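Dear colleague,

I am passing on the structure below, which you have not worked with before.

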Amino acid sequence: QVQLVESGGGLVQPGGSLRLSCAASGFGDDYHSIGWFRQAPGKEREGVSYVCVSDGSTYYADSVKGRFTISGDNAYNTVYLQMKRLKPEDTAVYYCAHKVNCDPSALIDAWGQGTQVTVSS
């Protein structure tokens with residue numbers, strides 16, 4: 001059973017940076033992906049970024065390209081989301097998620113508990 005635990009959220013000023021971490025465990029083979037979603041108040045949850053564990057390929061939402069970077073340790077037991085040049089519209093609860101394979105429409109079979117990111121002066 002996949003388990004995901006996020007950390008690293010907080011309050012940051014516009015233009016600042018934060019790094020989120022997701023400690024992942026319980027997955028089997030390498031053909032799966034781990035990523036980040038976010039949900040702002042009154043909005044639907046949206047995909048932000050994910051990485052395919054087997055080949056390291058990555059996906060970024062257009063709204064975060066060039067500002068956010070997803071990475072992981074050697075075995076992707078910990079996945080990071082480095083967020084730079086943060087904007088107020090990045091304010092949301094950020095969730096780590098596990099997908100069963102590397103297809104963009106793959107089923108999500110596990111979620112973390114979420115961590116709040118607030119971008120405000």
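The notes that follow cover the disulfides, the aromatic pairs and the charges over rings.

This is a predicted model, in which local features need pLDDT of at least 70 and side-chain atom pairs count only at pLDDT 80 or more, while totals for chains, interfaces and linings use all residues. Residues are numbered from 1 along each chain as its sequence is written, and side-chain values use heavy atoms, with hydrogens and water left out.

I begin with the disulfides. Taking a disulfide as a pair of cysteine sulfur atoms within 2.5 Å, the count comes to two. One of them is formed by C22 and C96, whose sulfur atoms are 2.0 Å apart, and because the torsion about its S-S bond is about -80 degrees, this disulfide is left-handed. C22 belongs to strand β3 (residues 18-25) and C96 to strand β9, so the pair ties together parts that are 74 residues apart in sequence; strands here are DSSP runs of E with at least two residues, numbered from the N terminus. Both C22 and C96 are buried, where buried means under 20% relative accessible area, exposed over 50% and partly exposed in between, with a 1.4 Å probe and protein chains only.

The other link joins C52 to C102, with 1.9 Å from S to S, and it is right-handed, with 80 degrees about the S-S bond. Here C52 lies in strand β5 (residues 46-52) and C102 in the loop between β9 and β10, so parts that are 50 residues apart in sequence are tied together. C52 and C102 are likewise both buried. With the bonded cysteines of the protein chain numbered in sequence order, the pairing reads 1-3, 2-4.

Turning to the rings, the search of the whole structure finds three aromatic pairs, a pair being rings of Phe, Tyr and Trp (its six-membered ring) with centres within 6.5 Å, counted as stacked if the planes are under 30 degrees apart, edge-to-face if over 60 and tilted for the rest. Among them, Y50 and Y59 are stacked, at 5.1 Å centre to centre and 25 degrees between the planes. Y95 and W111 have centres 6.3 Å apart and planes at 85 degrees, so their pair is edge-to-face. Ring pairs also link F37, Y95 and W111 into a cluster.

Finally, a charge sits over a ring if NZ of Lys or CZ of Arg is within 6 Å of the ring centre and within 35 degrees of the ring normal. R45 lies over the face of Y95, at 3.8 Å from the ring centre, and K99 over the face of Y50, at 4.0 Å.

Key
Helix = DSSP H or I, 4+ residues; strand = E, 2+ residues; numbered from the N terminus.
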